[in-house]
Amino acid sequence: MSDESGNAGGSGGDDLSGLSGFFFYVFIVHPATAWILKPGRFERKKSIMYAIGFLALLAAVKTGMEMQAKGPNHYSLLGVSRNSSPLDIKRAYKKLSLQLHPDKNPNDPTASAKFDRVKKAYDVLIDMEFREVYNKFGQDGINSSKRFDETQFFIELGVFYVTWGIMAYVLTLGKRSSLGRQWTFTGLIVMLVLEITLMTSQGSPFPSWFMPQNTEYEAVWLLHTLFPAFMNGCRSIGSYLYVDLEAQTRQLLLALQEQNKDILLVLRDVQIGVQNVQANGGGGGGGRLATAGVVPPAGAATRATPTGKIKELQDRLHVSNSTVQQAVGQLKSEKSNSNFGFYAMILGYVAFSYIFSS
């Protein structure tokens, strides 16, 4: 299928393809990814690696098949780059027209169609105005004589991103999807910034070495095509990595409560021991401890004195503090991971702006 026939269906075909891809990822890929990430099936790091690899492979295969179905663009047909001069395009067309002319290929029933596609590609790329329209809007823009209209562009942009934003929000409802929701909307914002940059720039915003035969229109199409896969990966991996901070806080409070109980029990033993020492003129307090219903731990007969009880209190406090420090460390790590995602988004945008503006 050529580029022209692939675009003949208009935006309706693209919308249908996007909708089918959405349902494919939501109802088929997401359950498969959840199966990979099921706790206990693989080690934690392996589960994440397997899930990312599965999603990347699936997205690459699906996108590759769609690109193959669309066929080569005008630059690929003529074998020229996006920044080729009109003279280079004329030379490439002359060479191909001699090779593909139907008179020189009488036994090829598709020779006439191939020659017509090359002729159409040449007619578009040799005209600088048509060439700019083709770069921004594809063959559909040429067929409909479309021109860039800022108001219409931002209306269409708003409809697209509001629609996907609503769907992403609905699919990531709940506490377990909070991390995936954050990643998804971060990606949506980055994609919005990239699309505005690509479509509003004068000329090609790409360096000559980056995707030399692809247009801004194809770059935007690629972003839209890959976003369902990205959103599905955020949902799955975000839910898998989710840590319930409220549950951790409750566990921390319970640990502090148990620590408080232990301290009170030990202090009670110390108090009884001191009272026994004072009452017996320095005697041991083991009998009163036994009558108080406190059973000393095995092998701790030497700790039945007040000094031993204080040592026991210190040991228990040390263990409890270790538990508390571990829980607090997990809370801090969650916060740092959240901040890292925000700063990574800012650095990524700065890097993109620097690369494509230079």
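Biologist: How are helix 3 and helix 10 oriented to each other, parallel or antiparallel?
Modeller: Roughly antiparallel. This is a predicted model, and in it the two helices pack at an angle of about 165°, with their axes 10 Å apart. An angle over 145 degrees counts as roughly antiparallel, so helix 3 and helix 10 get that label.

Biologist: Which stretches of the chain are those?
Modeller: Helix 3 covers residues 44-70 and helix 10 covers residues 216-241.

Biologist: And is the crossing of helix 3 and helix 10 left-handed or right-handed?
Modeller: Helix 3 passes helix 10 in a right-handed crossing.

Biologist: Which residues make the contact?
Modeller: On helix 3, they include Arg-44, Ile-48, Ile-52, Leu-55, Ala-59 and Lys-70. On helix 10, Trp-221, Leu-222, Thr-225, Ala-229, Gly-233 and Tyr-240 are among them.

Biologist: I'm curious about Lys-62. Where does it lie, and is it buried or exposed?
Modeller: Lys-62 lies in helix 3. Its relative accessibility is 18%, so it counts as buried; the cut-off for buried is under 20%. Also, the C-alpha atoms of Lys-62 and Thr-225 are separated by 9.3 Å, though the two residues are 163 apart along the chain.

Biologist: Let's zoom out. How many helices and strands does the chain have?
Modeller: The chain has 13 helices and 0 strands.

Biologist: How much of the chain is buried?
Modeller: Of its 358 residues, 33% count as buried. As for contacts with a separation of 6 or more, 71% are between residues 24 or more positions apart.

Biologist: Back to lysines. What about Lys-136, where is it found?
Modeller: Lys-136 is found in helix 7, residues 128-143. Its relative accessibility is 6%, so Lys-136 counts as buried.

Biologist: What does the side chain of Lys-136 reach?
Modeller: It reaches the backbone oxygen of Ser-201, at 3.0 Å. Leaving aside neighbours within four places in sequence, Lys-136 is also in contact with Leu-198, Met-199, Gly-203, Glu-216 and Tyr-217, among others.

Biologist: What about the loop between helix 9 and helix 10, which residues are worth a look there?
Modeller: Two I'd pick are Pro-205 and Met-211. Pro-205 is buried, with a relative accessible area of 10%. Pro-205 and Glu-216 are 11 residues apart in sequence and 8.2 Å apart in space, C-alpha to C-alpha.

Biologist: And Met-211, is it buried or partly exposed?
Modeller: Met-211 counts as partly exposed, because its relative accessibility is 25%. The phi of Met-211 is near 45°, a positive value in a residue other than glycine.

Biologist: New topic: how do helix 8 and helix 9 pack?
Modeller: Helix 8 is residues 150-171, and it packs with helix 9 at an angle of about 165°, with the axes 11 Å apart. That makes helix 8 roughly antiparallel to helix 9. Helix 8 passes helix 9 in a right-handed crossing.

Biologist: Which residues meet there?
Modeller: From helix 8, they include Phe-153, Phe-154, Phe-160, Tyr-161 and Trp-164. From helix 9, Arg-181, Phe-185, Leu-188, Met-191 and Glu-195 are among them. By class, the contact of helix 8 with helix 9 divides into 14 nonpolar, 3 polar and 2 charged residues.

Biologist: Last pair: how do helix 6 and helix 7 cross?
Modeller: Their axes come within 6 Å and cross at roughly 130°, so helix 6 and helix 7 are oblique to each other. Among the residues that meet are Lys-120, Asp-123 and Val-124 in helix 6, with Phe-130, Tyr-134 and Ile-142 in helix 7. The class count for this contact is 7 nonpolar, 1 polar and 3 charged.

Biologist: Is Val-124 buried or exposed?
Modeller: Val-124 is buried, with a relative accessible area of 4%. Leaving aside neighbours within four places in sequence, its contacts include His-74, Arg-131 and Ile-142.

Conventions: Residues numbered from 1 in each chain as written. Predicted model: local features only at pLDDT ≥ 70, side-chain atom pairs only at ≥ 80, totals over all residues. Heavy atoms only, no water. Axes fitted to C-alpha atoms, helices over the stretch in contact; angles between N-to-C directions. Helix = DSSP H or I, 4+ residues; strand = E, 2+ residues; numbered from the N terminus. Parallel < 35°, antiparallel > 145°, perpendicular 65-115°, else oblique. Left-handed = near helix turned anticlockwise from the far one by under 90°. Contact = heavy atoms within 4.5 Å. Buried < 20%, exposed > 50% of the residue type's maximum accessible area, 1.4 Å probe, protein only. Polar contact = N/O pair within 3.5 Å; in protein donor to acceptor, adjacent residues only side chain to side chain. Nonpolar A, V, L, I, M, F, W, Y, C, P; charged D, E, K, R; others polar.
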